[in-house]
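Please find below a note for a colleague on the chain shown here. It is set out as numbered points, each of which can be checked against the coordinates.

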Amino acid sequence: MAEPKKTATLSFGNTSIELPILTPTAGPDVIDIRKLYGEGEVFTYDPGFTSTAACDSAITYIDGDLGELLYRGYPIEQLADKSHHLEVCFLLLYGELPNAAQMEDFERRVTRHTMVHEQIHNFFRGFRRDSHPMATMVGVVGALSAFYHDSLDISDPWHREVAAIRMIAKLPTIAAMAYKYSIGQPFVYPRNSLDYASNFLHMCFAVPCEDYVVQPALAKAMDRIMMLHADHEQNASTSTVRLAGSSGANPFACIAAGIACLWGPAHGGANQACLEMLREIGTVDRIPEYIKRAKDKNDPFRLMGFGHRVYKNFDPRAKVMKESADEVLDLLGVHNNETLKVAKELERIALQDDYFVEKKLYPNVDFYSGIILEAMGFPTSMFTPIFAVSRTIGWISQWKEMIGDPTQKIGRPRQLYIGQPRRDYVGVDHR
Ligand code: ACO
């Protein structure tokens, strides 16, 4: 990071503190407040981190006003068009696009780790069949640390590398197993002759009693969904992974924490909630009723798949996803899909409505992804697990970046205490 050239002065009471202003390679300047408490004995207050950078990072850049998303500097539209998920994994993890030999080596290393320890099959069997696959994934991914003792030493770069490769390789296997378990079918072992996305579809949809051939166009659509979700800088689940990792927790435990956070409906759970909402709306004529509800302050209903903390013009991922939805439905011969019709009309109406325009609410990546996944044959309960599989590379890259940073400290936010001041204990007889 460049030496600060500018400063900001903060004055309160008789105190005046000069704070360095840090200049990033892109995006707004950042006031460095690290010495604020030491010199001024005050904290800053920023619930939800709306104005606070919690770390520096060289992985992903978002310009919310321009609707721009860059992985290591490369625009998401170019990657979605020309790259593939495993190449994006290499890019996010190591910082540069691989040459042909590096790509081959990376692919070989990932595919050699796709199986899970056989004992994990027994571990799965402890869950109820009707468990949500996300619940199963949180448990199984957390439990990986009980199976892979040779990649737990976070101070050893080789352990960190092996843990990263294991996670990229095994998350699709675990998500597919969670799905198979929930529908009472046998687990399907990974096939290393298949590419990353095809292998995932095969593990989800193949059965031992007949051949299953993955349609290349569907594998391409799945690969694109994975790329679009691969990283998104310091979002809630990534920040959770970083915070968990800042204590020195092992990488499998950190990714399990990220999966738990992702499950929430305001984050990764939105794709499931969005499709359920589109189905509930059902027909185009009912859209105004739901728009009205979304605008009503006394109604907790929100248009799922709409709005984003950072994007205030459009979500570039939503644009690519909308094109993919059309392609996939065309390919599968799904014409006159009522849910897609509702989605497109809802988008059109909301984008002209003053409430949504004023609040800069646009469709996010989750608005169209559910339609694609449903057309592929996935139940809604698998939407968020697929997001988790895709985001694993972002989590592990951000975790690796943090652990490799010599200035890294345990994350420990402060608070604005609003409870009782000190008071004396009163015995039960006197309460
Ligand atoms: N429908 C209706 N109103 C909304 C919506 C929505 N989807 N999103 C935000 N608003 C309104 C809020 O009510 C609020 O109104 P107010 O200023 O009158 O109080 C205003 O817009 C700002 O909303 P906040 O919740 O303060 O914005 P924030 O940046 O905290 O939230 C979030 C972003 C959580 C994504 C929100 O837009 C939302 O809940 N969207 C629906 C869920 C969703 O699609 N999540 C997926 C996010 S993308 C992802 O995780 C991959």
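This is a predicted model: local features need pLDDT of at least 70, side-chain atom pairs count only at pLDDT 80 or more; totals for chains, interfaces and linings use all residues.

1. The β1-β2 hairpin. Strand β1 (residues 6-12) pairs with strand β2 (residues 15-22) in the antiparallel sense, and the two are joined over 7 bridges. Within this pairing, A8 stands opposite L19 of β2. The hairpin has 2 residues between its strands, and G13 adopts a positive phi near 55° there.

2. L22 has V30 of β3 as its bridge partner.

3. The sheet β4-β5-β6. Three strands form an open sheet in the order β4-β5-β6, with antiparallel pairing. Its edge strands are β4 (60-63) and β6 (74-75), each of which pairs on one side only. In general terms, strands of a sheet pair through backbone hydrogen bonds, in a parallel or an antiparallel manner.

4. The β4-β5 side of that sheet. Strand β4 and strand β5 (residues 68-71) are paired over 4 bridges in the antiparallel sense. D63 has E68 of β5 as its bridge partner, while Y61 stands opposite L70 in β5. The two strands form a hairpin with 4 residues between them, and G67 in its turn has a positive phi of about 70°.

5. The β5-β6 side. Strands β5 and β6 run antiparallel and are joined by 2 bridges. L70, already noted as standing opposite Y61, also stands opposite P75 in β6. A hairpin is formed here as well, with 2 residues between the strands; R72 in the turn has a positive phi of about 50°.

6. Salt bridges: the D32-R34 pair. How many salt bridges does the model contain? The count comes to 17. One of the pairs is D32 with R34, whose closest N and O atoms are 2.8 Å apart. D32 counts as buried because its relative accessible area is 12%, which falls under the 20% limit. R34 counts as exposed because its relative accessibility is 68%, which is over the 50% limit.

7. E161 forms a salt bridge with R109, with a separation of 2.6 Å between the closest N and O atoms. E161 belongs to helix α7 (residues 157-182) and R109 to helix α4 (residues 100-111), so the pair ties together parts that are 52 residues apart in sequence. Both E161 and R109 are buried. The two residues also belong to a network of salt bridges that links D105, R108, R109 and E161.

8. Salt bridges: the R279-E374 pair. The side chains of R279 and E374 meet in a salt bridge, at 2.6 Å from N to O. This pair links distant parts of the chain, with R279 in helix α12 (residues 270-281) and E374 in helix α17 (residues 366-376), 95 residues apart. R279 is partly exposed, at 42% relative accessibility, and E374 is likewise partly exposed, with a relative accessible area of 25%.

9. Negative charge on the surface. Which residues gather in a patch of negative charge on the surface? They are D81, E323, E327 and D330. Helix α14 (residues 316-331) gives the most to this patch, contributing 3 residues. E327 lies in helix α14.

10. L93 is found in helix α3 (residues 85-94). Is L93 buried or exposed? At 5% relative accessibility, L93 counts as buried. The C-alpha atoms of L93 and S390 are separated by 14 Å, and the two residues are 297 residues apart along the chain.

Notes
Residues are numbered from 1 along each chain as its sequence is written. Side-chain values use heavy atoms; hydrogens and water are left out. Patches are made of residues with over 30% relative accessible area and no salt bridge: like charges are joined within 9 Å, nonpolar side chains (Val, Leu, Ile, Met, Phe, Trp, Tyr) within 5 Å. Accessible areas come from the Shrake-Rupley method with a 1.4 Å probe; for residues, only the protein chains shown count as cover. A salt bridge is a side-chain nitrogen of Lys or Arg within 4 Å of a carboxyl oxygen of Asp or Glu. Lys and Arg count as positive and Asp and Glu as negative; His and the chain ends are not counted. The place of a charge is taken as NZ of Lys, CZ of Arg, CG of Asp or CD of Glu. Two strands pair if DSSP finds at least two bridges between them. Buried means under 20% relative accessible area, exposed over 50%, partly exposed in between (1.4 Å probe, protein chains only).
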